[in-house]
Each structure stands twice: as C-alpha cells, then as structure tokens.
Amino acid sequence: MQMQSSCSPPRPKSPPMARSGIIPSSLGDGLVFTAGAFLALLIFLGLYSFLSPTPIPNRLFSFSPSFSSTSSHIDDTSDPPDETFYDDPTLTYTIDKPISNWDEKRRHWLKLHPSFSGGRERILMVSGSQPYPCRSYHGDHLLLRSLKNKADYCRLHGIQLFYNTALLNPSMNFFWAKIPVIHATMLAHPEADWIWWVDSDAIFTDMEFSLPIDQYRAHNLVLHGWPELVYKKKSWCSLNAGVFLIRNCQWSFDFMDEWASMGPQSPDYEKWGKTQTSTFKDKMFPNSDDQSGLVYLILTGKGGWRDKIYLENEYYFQGYFAEIVGRLENITARYIEEERQGPTVLRRRHAERVFLSYAKEMNVQLGRQKGADTGPTGWRRPFVTHFTGCQPCSGDRNKVYSADNCTVGMYKALNFADDQVLRIYGFRHASLVSVDVQPLPFDYPRSGG
Ligand SMILES: *[C@@H]1O[C@H](CO)[C@@H](O)[C@H](O)[C@H]1NC(C)=O
Ligand SMILES: *[C@@H]1O[C@H](CO)[C@@H](O)[C@H](O)[C@H]1NC(C)=O
C-alpha cells in the first residue's frame, strides 16, 4: 500500500509558506521561482533535486505532546444500551454507500460516552500492508521493523495504532486501498478526532517530536506539500499522499467519496487517468492515482475542498528519504554532542512512561542551538522519513534507486529510530547498519560510549 511510482519532492527555492491554508491567494508573497527549479524538476524527476528551502529556525517548534490515551478516567468497560449509529441496520462500513449526518451521529455517541470527550484532540494512527507475503527477500522483515517503529512511536506518545492487512475493497488496491480502511476506521473510532494515515514505508525518525495538532484546528486534512508547486508547477509531486491527518467528520467522508471516485472501482477510472496525465506533465504513468487525484482537487478547486486542506512544509511531516538518509550519522553525532555538553537532565535515566517530559527538555536544549533546524540543511532529526518509490515489499523499486539506497537506507533509518527507543532500555546499536547492540554506561554519553 505504498506509492507505486517514485515521486521525489521538487523543492521550491523559496522560504516555506507561512502557516495557512492553501488558497491560491497565499501565493505570490516572496516566492521566487527560478528557471533552474523548473528545469531540475523536469530533469531530475525521481532524483534529489538539490533545491533546498531556507532552513527553518527551530524556534518555530512549539512542543506540544499529543493526547495521551492512557488517562485513567476513560471508561472503556461499558457501553450504554441507548441506540447509536451502530444499531442502524442501513449503515455500512463499506464505501459503496455514503455516510450522512456523521457529525451528529458521532456527537451523540460521545454524549453517551462522556469520558471520551474533552481534553486534547485524539489521534488514531492507521497503517497497513498487503494480505500476502512480500516477494522481496527483506520485505517482510522491513515491514515488521517498520510496524515496530510505529508501535514504538505510538506507545511513547499515547496514540492508538490500527495496522490493517486486509484489502477491504478488492478493486481498490495499491495506494487506493487506504481509503476504505480510513472510512471503516472512522466508524470504528468515533472517539478519535483525527485519523493519521502513515504508509508502511514511512518511518518515524524523531521519537521525541509531537504533532503540532493545535495548528490544524481550522483544517480537516493535513499533508506534506508545497502550495506553490500545486498552483504554479502543477506537479503531481507537489504533495505526498502517503502520510496525512484526516479529521473524523462528515467533511472527510464526503471528501473521500469524491477522492475515491477517481479510483479503480469507479466507472470513471480511465477518464481520470487521462485527465490526470494531461493536467500533470510530470506524471509518467497512465493510471489514475490517489496523489494526482488529490492535487487535482486542490488545483482546480473542484468540490470546494481545498479551503480545509493544509499543506505542511515547516517540518518533515513526511520527508523524502534520499534527502535524509545520508545525514543520519551526522545527526546522531550532533545529538550525542548535545547530550554530552548539555544539562544533566538530558543524560538522566528515566522510565519510559515519562519519556515525553525528557523529550521536552531536549526540545528546549535544541531551541538554544544554532542549526538545529528541520529540513535538508539543519541537523534536527527528521520527524518522518518516507521511502517513497522503494517498494520494500515487492522489491519493485524505482530504477533511479539502487538496492542499497532503499534497503540499507531503511535499515539505517530504522536503527536510527530504534536507538532512541533502546536508549530508554539502556542499549544502543553498535552502528546504524549493525544488528549488534551495546549496553550504555551510567551518565552516557558523558561517560564511555
Ligand atoms: C544511492 O547510493 C549511491 C551510492 O551510495 C549514492 O551516490 C546516491 O546518491 C544514492 N541515491 C539516492 C537517491 O539516495
Ligand atoms: C558529516 O560531518 C562531517 C564532519 O563535520 C562532514 O565533513 C560531512 O560533510 C558531513 N556529512 C553530511 C552528509 O552532511
């Protein structure tokens, strides 16, 4: 359930857009598009474009821990007998029948389950992979490690995870498969305010980072992307549809109905393939895909969805692996230096359950340092490293990547993340490519290591 084709993000040679929606009026201000940027995009599709945005000062980061689902006040041991949407025999979990009045239905359910409402917005992570074994030699192991990585992130942040391996709508395969899953998940989790879809080949590489969820209050869909590339470049790579937040509300059901109408189960599938390839000159394959569909809806304003869609690019909501993997060793060294030089609290051993309080300390420390920026030139850990085009399960990777680029790259990112977890358990990997681990001495890294 990953992207079939690789799509390296063309990087605008301009500062990231201010936090805002993606209405076209936000275009223009201070956006400098060089001919070089266009050319690079055309020539290096699938390659690292070398066009880097201005580094983002880390003071933009406000530390905001995600909602903790572990609060003891939640009553999950009883379900009142009052009728809810679950008792309506006409409501289906499949996408062939639209859901209506969802906001009201959900509100009613929450009223009957008051311990689930109030407090911070609740996030439920959803990911998945195919129902059968991987064809590539490393595939199943890489998927297992990637699932472990998500389980780790979720445990540390009090987020629940649903990992799905069933194709809920057999004609909606590949990247389309997530839509029926998210649809069913929204019904199964009325307590969740947001569904966070994360492709199986996207890896959390900063365990300490929490989503700035409050900043998305006015929006219903959050993706990594660049408005100027949507509107000016009309590129199908102007956003990435492999990681996104979608609000559990009626808007999202309606939106997904329209989005899915471009999918393989729709009679208009072929027509949409043609529309997409003629709209996006950089789209190299004929079939309608979810990402192009999304860019199309934003670009054309069709359906009026775009006002509620937020394109994030101030941190690696998801980051292109080729831009990240080569820097992981240096980032590791830089963090170790920070821990060595910084206050004792950064080296203090602690229980996993209080991890977030130490993440906060580290965030403060990074805020004092020059260059601790997110993005291609900063040394802050990238939040999510996405191996788009690598197809670890089928092994059918984009030919611009070598097997090592993808496989070794993934193992490195996984170890990089795992070291942040193992640290809590008193160990770390001997290196980013090693399966061996070493115990950490007291007061590490000031002592030993
Ligand atoms: C793939 O690996 C080669 C050799 O290490 C490296 O030169 C190249 O930059 C890598 N490509 C990507 C896209 O990471
Ligand atoms: C890593 O750091 C070394 C030493 O500072 C530097 O020479 C090298 O260019 C850095 N590598 C990357 C990929 O940034």
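Okay, contacts across the chain: residues 24 or more positions apart account for 76% of the contacts with a separation of 6 or more. By contact I mean that the C-beta atoms of two residues, placed from the backbone, lie within 7 Å. What you're looking at is a predicted model, where local features need pLDDT of at least 70, side-chain atom pairs count only at pLDDT 80 or more, and totals for chains, interfaces and linings use all residues. Residues are numbered from 1 along each chain as its sequence is written, and chains are lettered from A and ligands numbered from 1 in the order in which they are written.

The chain has 11 helices and 11 strands. Those are DSSP runs, numbered from the N terminus: H or I with at least four residues for helices, E with at least two for strands. Of the 449 residues in the chain, 42% are buried. Buried here says that 20 or more other C-beta atoms lie within 10 Å of a residue's own; exposed is 12 or fewer, partly exposed is in between, and the C-beta atoms are placed from the backbone.

Now the sheet. Six strands form an open sheet in the order S2-S1-S3-S6-S5-S7, and the pairing is mixed. Two strands pair, by the way, if DSSP finds at least two bridges between them. At the edges sit S2 (160-164) and S7, each pairing on one side only. From one strand to the next, the twist averages 25°.

Let's walk through some pairs. S1 (residues 123-128) and S3 (residues 194-198) run parallel, joined by four bridges, and Leu-124 stands opposite Ile-195 of S3.

Then there's S5, residues 221-225. How many of its five residues are buried? Five of the five, so S5 is largely enclosed by the rest of the structure. Leu-221, Leu-223 and Gly-225 point one way, with Val-222 and His-224 pointing the other. On to the partners of S5: five bridges tie it to S6 (residues 239-247), running antiparallel, with Leu-223 opposite Phe-244. S5 also has four bridges to S7 (residues 309-312), this time parallel, and there Val-222 has Tyr-310 as its bridge partner.

Lying across S6 and S7 is helix H8 (residues 290-300), at about 70° to S6. For that angle, axes are lines fitted to C-alpha atoms, for helices over the stretch in contact, and angles run from 0 to 180 degrees between N-to-C directions.

Next, helix H9. Its 14 residues should span 20 Å at 1.5 Å a residue, and the end C-alpha atoms are 20 Å apart, so that agrees. The expected span is 1.5 Å times one less than the number of residues. Which residues of H9 are buried? Leu-328, Thr-332 and Tyr-335. They cover an arc of only 65° around the axis, which puts them on the same side of H9; the arc is that of the directions from the helix axis to the C-beta atoms. Those buried residues pack against helix H11 (403-422). Over on the other side of H9, Asn-330, Ala-333 and Gln-341 are exposed.

Last stop, Leu-346, in the loop between H9 (328-341) and H10 (355-367). Leu-346 has 18 C-beta neighbours inside 10 Å, so it counts as partly exposed. Setting aside neighbours within four places in sequence, Leu-346 is in contact with Glu-339, Glu-361, Met-362 and Gln-365. Take Glu-361: it is 15 residues from Leu-346 in sequence and 6.9 Å away in space, C-alpha to C-alpha.
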